[in-house]
Amino acid sequence: MARAQAVGAGLTDADFTRFAEYFYKRTGIHFASSKRYFVDKRIEACIRQSPYDNFAGWFAALRVNERSGAMHQELINQLTVNETYFLREDYQFDAMLSTVLPNVLRDRGGVARIDGPVKILSLPCSTGEEPYSIALRVLEEWDRIDDVDVEIHGADIDSDVLAKATHASYGDRSLQRVPKPWLHKYFAPIGAGRYQVDEAIRSAVTLHRVNVCDTPAMRVFRDFDVVFCRNVLIYFDELSSRRAAENLYGAMRPGGYLFLGHSESMSRISPIFTPTRLPEGIVYQRPTGAK
Amino acid sequence: MGLVRKKITGQPEQITWERLSADALRALLGDPDPDVRREAALGLEGVEEAVPDLLTRVILETEPNIRDSVLTTVSAYDTEAVAGALAVHLASDDAALRTAAAEALARMPRSMPALLPSLVAAPDHDVRVMTVMVLADLIHPDTGYWLTRVIRDDPHPNVVTAAIDALLPLATAEHAPLLEAAARRFPDDPFLRFTVQAALPGLTGTA
């Protein structure tokens, strides 16, 4: 405790500014001074897990050892927010099933002529609740799932949450909105009130570690029909959110659909997507006329 | 049919982007394929020697989406030289270009303030309206000062009206006399008068 207090007292305003600039340059995530308390606490946690007992030593080591990655990744893991649960904001999944997927099939020539699987990306996928929710909704409620292949990918910048997504075991809080029949059908109890997603679904969802602002890294994603990128762009400053938008655009098929969080608006970020009003809300499309 | 897994290990693209040099990317800015031009522009992030090529591409590019990609990369260079080169387009006859340039300049809070004295004094009132558009979105502590100055001093009602619109999210009761004075300066402009009349109750708490 004494050490934690010493650590907290060691982070000056100038330290915070230097750190915020450093973190922004490497991740695109911008922390304003209003986030000072949150950042201080997370940095304290990182310092406690390091061999250093003050900010100056830890920060110097972070920069020197940047390429080895471990400290940097730990920092990202601490500073990214990963609160989520199954079927969160599921009106957007309703929109996906009722309007978006039928439109995707239509635009790709119909069931009989579709070339390749329908591709869905969840980014950031955090601990996996979102991509597995998509899988559950598609399996249970899309009437074309027996006729069409669906490929689901999840991606996140945080390696810790990806490890949890891979293991896919969840407690009450995450599962509160999962209908009981689905829980019995697609999850296995593993003790201590926790359930693990069925192996067949886990193995069907492909997970990746990527920073959405990193253009070269994002180039592995191409031709996605549907992208969920919810509640992350609000953490970026204008420049980074714009680059993230460009990278999402590059990941999508012309005509593909992008879902943002309910409080987010692409029109404040970039004009490259076309907003489309669905009964369940706004979705953004990569224009079909433009490459 | 059903859920299927595919592990992405590479990409089936014809161009292996990560192997391209900066010179190759610069050359691809003029490629006939818009998607290649877009990827080249984004791939030049952090390549400072490519800034002149990107600024040239802003002028030559015919696809608005590709131009936006170029501006995304180039506006990361928040320098007076880059801002100055973009500010020229505020006077463009191409509405999409001048709007895109204004949006890019609004992302350049370090360099924009140095340009403001000349931009708010530009002889072309359309340039001054575009400058107000930049100020509306620019995240900088002095935007309120600049908008106030435009409202107080600019001789064109369209510029003043645009500045009032831009100031409203920041405005308080203290700005009410400024808006009333602006309305008095242009008694024959119904739109400006309407803008002020619509704004005042919200500022003075009489709404």
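Two residues are in contact if their C-beta atoms, placed from the backbone, lie within 7 Å. Helices (H or I, at least four residues) and strands (E, at least two) are DSSP runs, numbered from the N terminus. The model is a predicted one, in which local features need pLDDT of at least 70 and side-chain atom pairs count only at pLDDT 80 or more, while totals for chains, interfaces and linings use all residues. Residues are numbered from 1 along each chain as its sequence is written, and chains are lettered from A, with ligands numbered from 1, in the order in which they are written.

**The helix pair in chain B**

In chain B, B:Pro34, B:Arg37, B:Arg38, B:Ala41 and B:Leu42 of H2(B) meet B:Ile66, B:Ser69, B:Val70 and B:Thr73 of H4(B). By class, the residues of this contact between H2(B) and H4(B) are five nonpolar, two polar and two charged (Ala, Val, Leu, Ile, Met, Phe, Trp, Tyr, Cys and Pro count as nonpolar, Asp, Glu, Lys and Arg as charged, and the others, Gly among them, as polar). The axes of helix H2 (residues 34-43) of chain B and helix H4 (residues 64-74) of chain B come within 8 Å and cross at roughly 10°; axes are lines fitted to C-alpha atoms, for helices over the stretch in contact, and angles run from 0 to 180 degrees between N-to-C directions. H2(B) is therefore roughly parallel to H4(B), a term for angles under 35 degrees.

**The two chains**

For 207 residues the rule gives a radius of gyration near 17 Å, but chain B has 22 Å.

A residue is buried if 20 or more other C-beta atoms lie within 10 Å of its own, C-beta atoms being placed from the backbone. In chain A, 41% of the 291 residues count as buried; in chain B, 42% of the 207 residues do.

**Contact between the chains**

Across the interface, 25 residues of chain B are in contact with 31 residues of chain A. Strand S1 (2-4), H2 and H4 of chain B each supply at least two residues of the side that touches chain A. That side of chain B divides into eight nonpolar, seven polar and 10 charged residues.

**Domains of chain A**

Chain A is divided into domain 1 (2-79) and domain 2 (91-285), with bounds from an automatic or database domain assignment. Seven residues of domain 1 and 12 residues of domain 2 of chain A form the contact.

**Local features of chain A**

The peptide bond from A:Leu123 to A:Pro124 is cis, with omega near 5°. A:Pro124 lies in the loop between strand S1 (118-122) and helix H7 (129-141) of chain A. A:Ser126 lies in the loop between S1 and H7 of chain A, and its phi is near 50°, a positive value in a residue other than glycine. A:Ser126 counts as buried because it has 24 C-beta neighbours inside 10 Å.

Methods:
Buried ≥ 20, exposed ≤ 12 C-beta atoms within 10 Å, placed from the backbone. Parallel < 35°, antiparallel > 145°, perpendicular 65-115°, else oblique. Rg over C-alpha atoms; globule rule 2.2 N^0.38 Å.
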